[in-house]
Amino acid sequence: MPFEDAIKDVGDSIAQEKSKRARLQDLDLIVVDNSIRESTVGQLRGHTLENKWKIYNEVKKCGFKFIVVAAFSHMTRVDDTFIREIVAKGEDVNNLFAFTEVIEEVKDGIPDTKTTPVGLNKMQEVGLINPMIEIDLAIDSINWDVFTVQDMCQLLVQRFKWSRKKLSPNAKIMVNLRDFPDAMVYQMERLFTVVDFLASLPASERPFGIMFEEPTGKYLPEEVGAWTAGVRKIMDSRGWSGNLLAHVHKKWALGEMTQLECLVNGANGIWASVCEEGAALGHACSTVTLMNLVRMGNTKVQQRYKCTMLRDAASNVTKITTGMPPHPKQVIYGDRALDLAFDFGSIAGGTVGETDFDLAEFFGEEAPIRISTLSSERMIHERLLNLFGEDPQFTMEMALTMKETMLADLTGNRKEEYMSAAGIALLFDRSGGKLTAKMADVIEKAEVKSVHAQHLIEEVRKIWNEWDIQEDKQVDGLLKFHSFYNGFMAPYFGCFKCRDTLKALKAINMDNDGYVDWNEFLLYLKWAMRQYPSIKDVDELLSVAFRKGIIPAMQDELSGGRRKYFKKY
């Protein structure tokens, strides 16, 4: 057959990929957490002392044993104070790490080998014992003909001896190959010489491990994987099964794949923050890497780390660092990462749902159903029940009508969302439903995240309160119909007693008590701000709430739509 060769080629390729998956499934991954340092690099706002403590506590919740806590310089940083507080509070420093340069100064191409780097000195001052010694092997500032690679190796030994004498005989020393890609491309022999030297040291003199980074994000995963395999091969040839830790930055969306490729090719660990915040466009974080191993069936990482805490930790560290939650579409820990977008029960007999890893279940959360034109009636019905509880109006017939309304919106160039409580409540209202008191309660409690939206809603509430006080000298959150008309409806309805006005009041009065409750009106305000976040001021907010929310609901009342579906209304 003409495709036999293709079948064989595919089979051979899949066999190779299965061996990679087997490696990842069985890998006992070492994580050196870098959340305190990585997340602040490149940020417009650095970490305060309080920020560092909050991040430190988030990291500990995840069960990370090895933690990077500082990078010292000549200037006094927040790191200096933070470390002193850590030591003063009796935190165990045996597994805490700090970055330090291997060379303090290079003059006329020759490194100063006699001066102890400031990082090491500060570690001694504050009581840290595990240095991460950073070296560069492809830089032009060093005259490598005079200061040779062998000299660099001897300098490393000198730093090791100093650390074990001045910091601790049990110091866990790491060597970071900081310019790893450049060295591999331009000075591979020099880098391999250093790796071979470290691997050849007596076991008692070797470092705790080797770290490397790909800070540019521009190399293909297979390229970085090949470099990693080369380093591991040299280590193995000398009988050294030491730690080899990868760190990958993003630029061309290959970060996570590159990091996994490093693990497939001999790295046994990573050094990373729990969230992707970092220099440039961020980095391949530990949360995403660990969860990829979990979904492949790796049980060792679940035994070593509290993986169910990763989602919250990554989200919280993002908020601490940026002041904002993660992007909604951020994988694993974004708000929409757990969304169920399709009715998998109706696809291929449910096989997708049965075989896919259930991220929501792993984190002990219920996957929210994303409502769109692709949603089935069952999904719409279930979303109503999940948000607002049982109600006789929530039928499959109503769900179908709501889906038809969504399609009609798009046909009429009305582009809105129906996922939020406010969004689906207004969709329900415009599709012939009668807004329930439960809907008002749920939406009233829903958080308005935008400061701008909060401000505009507060301004509307001030207007409301003025009319409220005029009625009975107190603010009770209730307005009589005539007060609500005079305060808010008059620009959109000709007279208080007109049929249209009375129908509009009926549409907004969910509990039929003769008053308009603030929470009933708040539904439309929150909906308007969510659907149209570019609203500039209070006048525009009220205009959108009435024209696109209340008036369409009123028109449904006028058409008798509710009575068509629900006779009791």
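This is a predicted model: local features need pLDDT of at least 70, side-chain atom pairs count only at pLDDT 80 or more; totals for chains, interfaces and linings use all residues.

Reply:

**Strand E6 and its surroundings**

Ala98 has Pro131 as its bridge partner in E6.

Start with the strand partners. Strand E3 (residues 96-101) is joined to E6 by five bridges, and the two run parallel. Strand E7 (residues 174-177) is joined to E6 by four bridges, again in parallel. There, Met132 has Met174 as its bridge partner in E7. E6, helix H6 (residues 149-166) and E7 form a right-handed β-α-β unit.

Now burial. Strand E6 spans residues 130-135, and six of its six residues are buried, so the rest of the structure largely encloses it. Both faces are covered. Asn130, Met132 and Glu134 are buried on one side. Pro131, Ile133 and Ile135 are buried on the other.

A network of salt bridges links Glu134 with Glu101, Asp136 and Arg178.

Val68 lies in strand E2 (residues 66-71), and Met132 is among its contacts beyond four places in sequence. Val68 has a relative accessible area of 0%, so it counts as buried, the cut-off being under 20%.

Next, the salt bridges elsewhere. The whole structure has 23 of them. Asp28 and Arg304 make one through their side chains, at 3.0 Å from N to O. Asp28 sits in the loop between helix H1 (4-26) and strand E1 (30-33), while Arg304 is in helix H12 (residues 300-304), so this pair links parts of the chain 276 residues apart. Asp28 is partly exposed at 35% relative accessibility. Arg304 is partly exposed too, at 34%.

Lys250 and Glu276 form another salt bridge, at 2.6 Å from N to O. Lys250 is in the loop between strand E9 (243-248) and helix H10 (255-264). Glu276 is in the loop between strand E10 (269-272) and helix H11 (286-295), 26 residues away. Both Lys250 and Glu276 are buried.

Glu417 pairs with Arg530, with the closest N and O atoms 2.9 Å apart. Glu417 is in the loop between helix H17 (396-411) and helix H18 (421-430). Arg530 is in helix H23 (residues 518-531), 113 residues away.

Technical notes:
Residues are numbered from 1 along each chain as its sequence is written. Side-chain values use heavy atoms; hydrogens and water are left out. Buried means under 20% relative accessible area, exposed over 50%, partly exposed in between (1.4 Å probe, protein chains only). Contact means heavy atoms within 4.5 Å. A salt bridge is a side-chain nitrogen of Lys or Arg within 4 Å of a carboxyl oxygen of Asp or Glu. Two strands pair if DSSP finds at least two bridges between them. A crossover is right-handed if, with the strands pointing away from the viewer, the path from the first strand over the helix to the second runs clockwise.
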